[in-house]
Amino acid sequence: MLRELDEFIQNNQDDIIVTGGIPDEKINDLEKSLGLEFRKEIREYLHQYGIIIGYGVEILGYGKNGESSLVKETERFRKLGLSDEYIVIRNSDEWIYCLNNNDGIISSWDRAEKTHLIKSNNFEQYILDEMVDAKDEWD
């Protein structure tokens, strides 16, 4: 899984930062913090990459500083009404992007209305689309 993302990162390694993956034990700790068991694609992402930053896009995860931006932002927005089945994977200030841990759908969350607008039904494709769009604007 995540082969296309691996290829994109390899082809753009001068412009993309990957903090490095984390072991299963750390992933288990993050799951406990949020009170859920991550979907396979989130576990794989964390295990393989940690955090990905490129072209002004940051996909949340677990950084070299020993902190999880994914957990921090998810907990933060749960306090503002985000349902427990969602995991915040990107915070671009204006928009919060979440993965529904039950069905894998990526949505943007409207904090005021407490509603979701579907963006993608595939985690890897969402990341690729965001990175490719940002790269196109970057050039």
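Me: Which residues does Asn101 touch, not counting those up to four places away in sequence?

Reply: In this predicted model, Asn101 touches Leu36, Glu37, Phe38, Arg39, Glu85 and Ile87, with residues up to four places away in sequence not counted. As for where to look, Asn101 is in the loop between strand 5 (96–100) and strand 6 (106–110).

Me: Is Asn101 buried or exposed?

Reply: Buried means under 20% relative accessible area. Asn101 has 9% relative accessibility, so it counts as buried.

Me: What lies by the polar atoms of the Asn101 side chain?

Reply: Backbone atoms. The backbone oxygen of Glu37 is 2.8 Å from a polar atom of that side chain, and the backbone nitrogen of Arg39 is 3.0 Å from a polar atom of it.

Me: OK, on to helix 1. Which of its residues are buried?

Reply: Helix 1 covers residues 3–11, and Leu5, Phe8 and Ile9 are buried there. Looking down the helix axis, you'd find the buried residues within an arc of 100°, so they line one face of helix 1. Turned away from that buried side is a face with the exposed residues Arg3, Glu7, Gln10 and Asn11.

Me: What do the buried residues of helix 1 pack against?

Reply: Strand 1 (16–18), strand 2 (52–54) and helix 5 (123–138).

Definitions and conventions: Residues are numbered from 1 along each chain as its sequence is written. This is a predicted model: local features need pLDDT of at least 70, side-chain atom pairs count only at pLDDT 80 or more; totals for chains, interfaces and linings use all residues. Side-chain values use heavy atoms; hydrogens and water are left out. Buried means under 20% relative accessible area, exposed over 50%, partly exposed in between (1.4 Å probe, protein chains only). Helices (H or I, at least four residues) and strands (E, at least two) are DSSP runs, numbered from the N terminus. The arc is that of the directions from the helix axis to the C-beta atoms. Contact means heavy atoms within 4.5 Å. A polar contact is a pair of N or O atoms within 3.5 Å; within protein, one must be able to donate a hydrogen and the other to accept it, and residues adjacent in sequence count only if both atoms are side-chain atoms.
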